Amino acid sequence: MSTTIEAPRSPYARAPRKRGVNWEKWGWIYMRASGVVLVVLIFGHLFVNLMVGKGVSALDFAFVAGKLTNPFWMTWDVLMLWLALIHGGNGMRTLVNDYATQPLTRGILKWAIFASVAVLIILGTLVVFTFDPCPAGAPADLLPSFCSAL
């Protein structure tokens, strides 16, 4: 006598779609690909900030200002920001899909996640691309090593 155990299914699961884009598959692929790229970006970021040069003792406003005037590091930081936020938002979306049982609750939570990720991406990108290392009216002793060199 054989006993068949059915795969666990959520009571609110939708029927599989026959046509169109399989967003769950692409979300799954994105998580793996972005995770690999993020490991490289994050460890590169940590290595440059903590190991190269004078190490942790060199981390100050002038160090960050110097990095944010270099297009390479601006691109690096924005790529890390975008990938990390979308990766985290996609993970949170997966958790909401798994644990929120009411359709309205799922919808509200997923829109809140989307809105949070969008706002943080916009603000973070603006900070990187509009950063002024020598703002007008800054105290003279705040940035003596960096702004005087410009």
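Of the chain's 150 residues, 24% are buried (under 20% relative accessible area; exposed is over 50%, partly exposed in between, with a 1.4 Å probe and protein chains only). The model is predicted, so local features need pLDDT of at least 70 and side-chain atom pairs count only at pLDDT 80 or more, while totals for chains, interfaces and linings use all residues. Numbering starts from 1 along each chain as its sequence is written, and side-chain values use heavy atoms, with hydrogens and water left out.

**Fold and confidence.** The chain has four helices and zero strands (DSSP runs, H or I of at least four residues for helices and E of at least two for strands, numbered from the N terminus). Its pattern along the sequence is α-α-α-α. Mean pLDDT (the predictor's confidence in each residue, from 0 to 100) is 85 for the chain, and 81% of the residues score at least 70.

| Helix | Residues | Mean pLDDT |
|---|---|---|
| α2, lowest confidence | 61-67 | 85 |
| α4, highest confidence | 103-130 | 96 |

Contacts are heavy atoms within 4.5 Å. Among those with a separation of 6 or more, 67% join residues 24 or more positions apart.

**The salt bridge.** How many salt bridges does the whole structure hold? The search finds one (a side-chain nitrogen of Lys or Arg within 4 Å of a carboxyl oxygen of Asp or Glu). The side chains of glutamate 24 and arginine 93 form it, at 2.8 Å, N to O. Glutamate 24 sits in helix α1 (residues 23-50) and arginine 93 in helix α3 (residues 71-99), so the pair ties together parts 69 residues apart in sequence. Glutamate 24 is partly exposed, at 47% relative accessibility.

**Lysine 67.** This residue lies in helix α2. Lysine 67 is buried but has no salt bridge. Aspartate 77 is the nearest side chain of opposite charge, 4.6 Å away (Lys and Arg count as positive, Asp and Glu as negative; His and the chain ends are not counted). Leaving out residues up to four places away in sequence, lysine 67 touches His45, Asn49, Trp73 and Met74.

**Surface.** The accessible surface is about 11,100 Å², and 71% of it belongs to carbon and sulfur atoms (Shrake-Rupley method, 1.4 Å probe; for residues, only the protein chains shown count as cover). A nonpolar patch covers about 910 Å², with members including Val39, Phe43, Leu46, Met51 and Val56. Patch residues have over 30% relative accessible area and no salt bridge; nonpolar side chains (Val, Leu, Ile, Met, Phe, Trp, Tyr) are joined within 5 Å, like charges within 9 Å. Valine 56 lies in the loop between α1 and α2. Valine 56 is exposed, with a relative accessible area of 54%.
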